[in-house]
Amino acid sequence: MYISSLSLKNFRNYIDQRAEFSPLTNVIYGNNAQGKTNILEALYLFSQGRSHRAKTDRELIRFGEERARLDIEFRDAQRGYKAVMLLEKNGRKSIQVNHIQLTKLSMLMNYLNIVMFSPEDLNLIKGSPSSRRRFTDAAISQLYPSYLSALNDYKKALIQKNSLLKDRKAADRAMISVWNEQLAENGAKIMMERSRFAEMLNKFASETQNEISGEKLEITYAPSVRLEDVCVDAFMEYLDARMTREIEFASAMFGVQRDDLRMTINGADARLYGSQGQQRTATLAMKMALSEYIHHIKGEYPVLLLDDIMSELDITRRRYLAEKIRDKQVFITSTDTDLTGSTGSTSVFRVVNGEIFKE
Ligand SMILES: Nc1ncnc2c1ncn2[C@@H]1O[C@H](COP(=O)(O)OP(=O)(O)OP(=O)(O)O)[C@@H](O)[C@H]1O
Ligand SMILES: [Mg+2]
């Protein structure tokens, strides 16, 4: 699948700009703070419905303006799509795909799949379990909207259960058990999907790590709720059996909110013992694995967004990546142009203070 054009009106530092893209490599270059990442952010919005970095949609609207409008055209193997997104200062947001209004943001993922890779992604290895859960959840949600609704229902039930546990007088066991049932129903689904995802991720990522560095990367799912057989009943039993401790600590201590992915390189914990370079390679391997995973499920490669990443990689990794992305659509931002060993099918854009010039 590939994106053929984008136009931005009052989005970030863009007043009114349009660009047409190559179905293969697109290099976006320019000095710092000119609007390179803003373009990737706009593209990403059309797959996830929200920005990879902004806390609120208001930040996306050009200073002093009431609304932003983004138009995008993209294709998959079957057909072409036109999508429009309107963002208003009062928080209203609307999205149309081929003139049909989407009722839920998550519906976007049925149309456009994007994998983004930015320097902050190093946190995937170094950071807390929550960064790995975010990665896992975003990845699975792109492919299975029912996973996203299970996740949302789980989060709602967890908030209720926690507020019940905090108020010790209200925390009676029957009430907690009601929430445990809801947590178990959604939690079992979440666990099964995460486990399946980790297996696929491991398969693809370990191949990549091995190809780049000859090292053995291993990724395994590390669930908080340890069950021999993952099912609703067993999940609920597990939670109910730990109710006394949760009441004592006034907090929901067990459940998928504590899950993690465990990563080892040549047998040692990548988070604790991985060198900077190893962690970088493992991050790259995970992102490439995600792209393979989406291809495996959907039969199409997602669009890849690489923000400032080339300068972070040494020449071997850069070459490897260039080889891997040769036949897929990719957007690369950089402060200079000569990073990719570009081919004839590369489009180059220079960004200067909110204006896009095709070279
Ligand atoms: N809502 C907004 N309205 C107007 N300008 C904005 C808005 N949000 C961000 N900007 C401007 O956009 C610019 C940053 O854009 P962006 O993050 O895309 O830079 P970049 O080219 O990727 O830079 P770097 O190379 O440093 O990563 C800044 O000049 C910032 O002031
Ligand atoms: Mg940037």
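**Ground rules**

I work from a predicted model, where local features need pLDDT of at least 70, side-chain atom pairs count only at pLDDT 80 or more, and totals for chains, interfaces and linings use all residues. Residues are numbered from 1 along each chain as its sequence is written, chains are lettered from A and ligands numbered from 1 in the order in which they are written, and side-chain values use heavy atoms, with hydrogens and water left out.

**Entry: ligand 1**

I began by asking which residues come nearest to ligand 1. I found A33, K36, T37, N38 and I61, out of 16 residues around the ligand; a residue is near a molecule if one of its heavy atoms lies within 4 Å of it.

By class, I noted three nonpolar, seven polar and six charged residues in this shell. For these classes, Ala, Val, Leu, Ile, Met, Phe, Trp, Tyr, Cys and Pro count as nonpolar, Asp, Glu, Lys and Arg as charged, and the others, Gly among them, as polar.

Next I looked up distances to oxygen atoms of ligand 1. A polar side-chain atom of T37 lies 2.7 Å from one. For G35, a backbone N or O atom is 3.0 Å from a ligand oxygen, and for Q34 a backbone N or O atom is 3.1 Å from a ligand oxygen. Taken alone, ligand 1 exposes 670 Å², and the protein buries 76% of that; such areas come from the Shrake-Rupley method with a 1.4 Å probe.

**Entry: salt bridges**

Side chains of opposite charge can pair when their charged atoms come close. How many salt bridges does the structure hold? I read 18, each being a side-chain nitrogen of Lys or Arg within 4 Å of a carboxyl oxygen of Asp or Glu.

I picked out R18 and E73, whose side chains meet at 3.8 Å, N to O. R18 sits in strand β2 (residues 14–20) and E73 in strand β4 (residues 67–75), so this pair ties together parts that are 55 residues apart in sequence. Strands here are DSSP runs (E, at least two residues), numbered from the N terminus.

R18 is partly exposed at 46% relative accessibility, and E73 is partly exposed too, at 24%. My cut-offs are under 20% relative accessible area for buried, over 50% for exposed, and partly exposed in between (1.4 Å probe, protein chains only).

E73 also meets K82 in a salt bridge, at 3.7 Å, N to O. Another salt bridge joins D327 and K328 at 3.9 Å, N to O. D327 is exposed at 59%, while K328 is buried at 10%. Salt bridges with shared partners join R18, E20, E73 and K82 into one network.

**Entry: aromatic pairs**

I then turned to the rings and found seven aromatic pairs. Rings of Phe, Tyr and Trp (its six-membered ring) pair if their centres lie within 6.5 Å; planes under 30 degrees apart count as stacked, over 60 as edge-to-face and the rest as tilted.

F21 and F331 are edge-to-face, 4.8 Å centre to centre with 85° between the planes. F21 lies in the loop between β2 and β3 (25–29) and F331 in strand β13 (residues 330–334), so the pair links parts 310 residues apart in sequence. Both F21 and F331 are buried.

The rings of F74 and Y81 are stacked, because their centres are 5.0 Å apart and their planes at 20°. F74 and Y81 are both buried. Last, I noted that F21, F331 and F349 form one aromatic cluster.

Technical notes. A polar contact is a pair of N or O atoms within 3.5 Å; within protein, one must be able to donate a hydrogen and the other to accept it, and residues adjacent in sequence count only if both atoms are side-chain atoms. Helices (H or I, at least four residues) and strands (E, at least two) are DSSP runs, numbered from the N terminus.
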